[in-house]
Amino acid sequence: MPYISTRGDHNAVNAKTAIKRGTAPDGGLYVDPNISQHQLFAPMMAATSYQAMARIVLAALLPDYTADELSAAVSAAYSNTFDDPAITPVRDVDDLHILELFHGPTSAFKDIGLQLLPHIMAQALNPQEDVLVLAATSGDTGKAALAGFQDVPHTRITTFYPDGGVSPIQERQMLTAGGLNTTVAAIQGNFDDAQTAVKQILNDRQLAATLRQSDSSVTAANSINVGRLIPQVVYYFAAYRQLVDRDAIRAGELINFTVPTGNFGDVLAGYYAKMMGLPVAKFVVATNANSVVADFLQTGRYDRNRPFLKTVAPSMDIQVSSNLERLLYYKSGGDTDLVTRLMANLDRDGAYTVSPELLASLQNDFVAASADDEAVEDAIRDAYQQHGYLMDPHTAAGYAAQQSLAGNLSGVTVLLSTASPYKFPRAVAAAVAPELHGDDFDLMRQLAAKTGVPNPNNLGHLDRLPARVPVRLTPDAMPAFVEQQALQNKHQSQEVGL
Ligand SMILES: *Cc1c(COP(=O)(O)O)cnc(C)c1O
C-alpha cells in the first residue's frame, strides 16, 4: 500500500485506489513516501525503447497493477498516437537541447499523461463501477483529457476551462471533441477557480455517498492525480538516455532541465526522476508574469494576493500550483503537520512562508525565473532568428528563464518544449512575422508557409470541423452540475450496456 496523503491521513492505499480517488479524503494529495527506494537509473539506461522505460517506471510506482495490465496500457498509449517514434524526441539545435513533448494527438505535453491515464483508470474500476472524470484546464489538459477518455467504457469526462482564458485554437480543440461520454464547460472564472471547485467536489463526502449508492464516483484528470503525474517521470529519463546515446553527455553526468511551469506537475515529475536516480543538478522553474511560484522559490514566501494576469502563455496562467504541496511533503522529510498548516494558511490568507532551512533545501534543486509577455515575445523571436527554431510561448518562457539563469547553471541543460507553436499562432506570429494578419487559423497556415515548419495535422482542419456550444457555468454551480452528470453517466452506461 504505497500511497498516503500529504496531510497526514495515514490510511495507506494502493495505486489503483489513489488513481480512482484523485485526491485523498483529507484534501491532501497522494504521495509514495518511499519513492527514492526505487533506484531506476541503471535499468532505464539499459531499456530499449520509450515503451520499455514506461513499463519500468510504472511497475515501480504502481505495484498493484499486473505486468500485463501495464504492458497493455503502455502499448495503447504510446504507439502511432504519437507522430514521432521516440515519443518525446530531443532536438539538438546549435547548443540547445530541446525535449519536444508535443508529438501526441493534441500537440501539448499533457498527452503523455492523458493518453495513459484512461487505461490505468479503467483497470482500477470494479466490474459495474462507473467514474466521472473531471478536468480543470488552463487550456491543454482539457483537450488531452477529452481525447484520452473519449468512449472509454464506464467513464465520462467533463472538462472546465476559463471562459476567455484559453487560446482560440485550444478552445476550438475542446469544442470539436468527439465521443458520447464527453462534456465541455466554460467557467466564469480563471483556472484556479476551476481547480479549487474540482478539489472541493472530490472532497464532498455527501456527493461521494450519493454516488456510491449507484456504484459511481468522481475523480480528477489533473496532475493532482498520481496517475497523471507518474507517466511524466519517464521522459526525463528518456531525454537523458537520448543525450547519452548521441554522446552529448556521459552516463552519470549531472544535467539540468528547464521546465515551463504552472501547476508544478511537470517539474515535480522531473524531481521524482531525480529521487529515483536520474543525475540532475538543477531544475529551472520558468513561469510567465503570473510568477507566484518563481517568487516563492526565490524568497520562501508563497503569496497569491496579487492580480491574476492573462498572458500570451495561458496554460501557465495559474497562481495556486497544486503539486508544490507534494514537493513540500518530500522536502520537509514527510512532515504532514507542516504541510497541513501551510495549506491551511494558503486557504485562509492566500499566502505562507517556509523556514530558511526548507527554502535552502528547495534551492538545492530548483532555481526559478519569470518571463513577462514582452520577454516571451523576445524569446520566441531570438530562438527563431538565432537558431531557426519556432517555439510556443510557454517554451519561450523557459528559454528566457534559462538564459537569465545561465550563470547559475553548469553542464548541459535540456529545455522542455511543452506545446506546438501552432496552438498559439497569434503570439508566435507577433514575434516572428508581424506582417501576417487574419484569425488564428489563418495565422497558423500562413506561419507554416512562411517558416516551413509544418503544423500538426490535428490542428490544420480544426476550423472546418463542427463545434459544439459549451455549457456555461459559474464555479458555484459546478457541484450540482457534476452530481447530475455522474448520475446520468450511470444511467447511460446501463442503457447502452457499456
Ligand atoms: C500545462 C502546461 C504547462 C504547465 O505545466 P504544469 O505541469 O501545470 O506545471 C506548461 N506549458 C504548457 C503548454 C502546458 O499546457
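**Entry 1: Phe366**

I started at Phe366, which is found in strand E13, residues 366-370. I note here that the model is predicted. Is Phe366 buried or exposed? I find Phe366 buried, with a relative accessible area of 1%. I count it as buried because the cut-off is under 20%.

Next I looked up what touches Phe366. I left aside the neighbours within four places in sequence. The contacts of Phe366 are then Phe264, Val267, Tyr271, Phe283, Val285, Leu297 and Leu327. I also checked Phe366 against Ile112. The two are 254 residues apart in sequence. In space, C-alpha to C-alpha, I get 23 Å.

**Entry 2: H15 and H17**

Leu327 came up again in helix H15, where it is one of the residues that meet H17. H15 covers residues 324-331, and helix H17 covers residues 356-365. Two packed helices are described by the angle between their axes and the distance between the axes. For H15 and H17, I have an angle of about 110 degrees and axes 10 Å apart. That makes H15 roughly perpendicular to H17. The class follows because 65 to 115 degrees counts as roughly perpendicular.

Which residues meet in this contact? From H15, I list Leu327, Leu328 and Lys331. From H17, I list Leu358, Ser361, Leu362 and Asp365. I sorted the residues of this contact into four nonpolar, one polar and two charged.

**Entry 3: H4**

I moved to helix H4, residues 67-77. Which residues of H4 are buried? I find Glu69, Leu70, Ala73, Val74 and Ala77. They cover an arc of only 125 degrees around the axis, so they sit on the same side of H4.

I then asked what covers the buried residues of H4. The cover includes helix H1 (15-21), helix H3 (50-61) and helix H6 (117-124).

**Entry 4: Thr395**

I looked up Thr395 in helix H19, residues 393-404. Thr395 is buried, with a relative accessible area of 0%. Again I left aside the neighbours within four places in sequence. Thr395 is then in contact with Pro260, Leu415, Leu416, Ser417, Thr418 and Ala419.

**Entry 5: the UniProt record**

Last, I checked the record. UniProt, in an unreviewed entry, lists residues 99-334 as "domain: Tryptophan synthase beta chain-like PALP". In the model, the end C-alpha atoms of residues 99-334 lie 31 Å apart. I have that span down as 41% helix and 19% strand.

Technical notes:
Residues are numbered from 1 along each chain as its sequence is written. This is a predicted model: local features need pLDDT of at least 70, side-chain atom pairs count only at pLDDT 80 or more; totals for chains, interfaces and linings use all residues. Side-chain values use heavy atoms; hydrogens and water are left out. Buried means under 20% relative accessible area, exposed over 50%, partly exposed in between (1.4 Å probe, protein chains only). Helices (H or I, at least four residues) and strands (E, at least two) are DSSP runs, numbered from the N terminus. The arc is that of the directions from the helix axis to the C-beta atoms. Contact means heavy atoms within 4.5 Å. UniProt positions are given in the numbering used here, feature names are shortened, and annotations may be inferred rather than shown by experiment. Axes are lines fitted to C-alpha atoms, for helices over the stretch in contact, and angles run from 0 to 180 degrees between N-to-C directions. Angles under 35 degrees count as roughly parallel, over 145 as roughly antiparallel, 65 to 115 as roughly perpendicular and the rest as oblique. Ala, Val, Leu, Ile, Met, Phe, Trp, Tyr, Cys and Pro count as nonpolar, Asp, Glu, Lys and Arg as charged, and the others, Gly among them, as polar.
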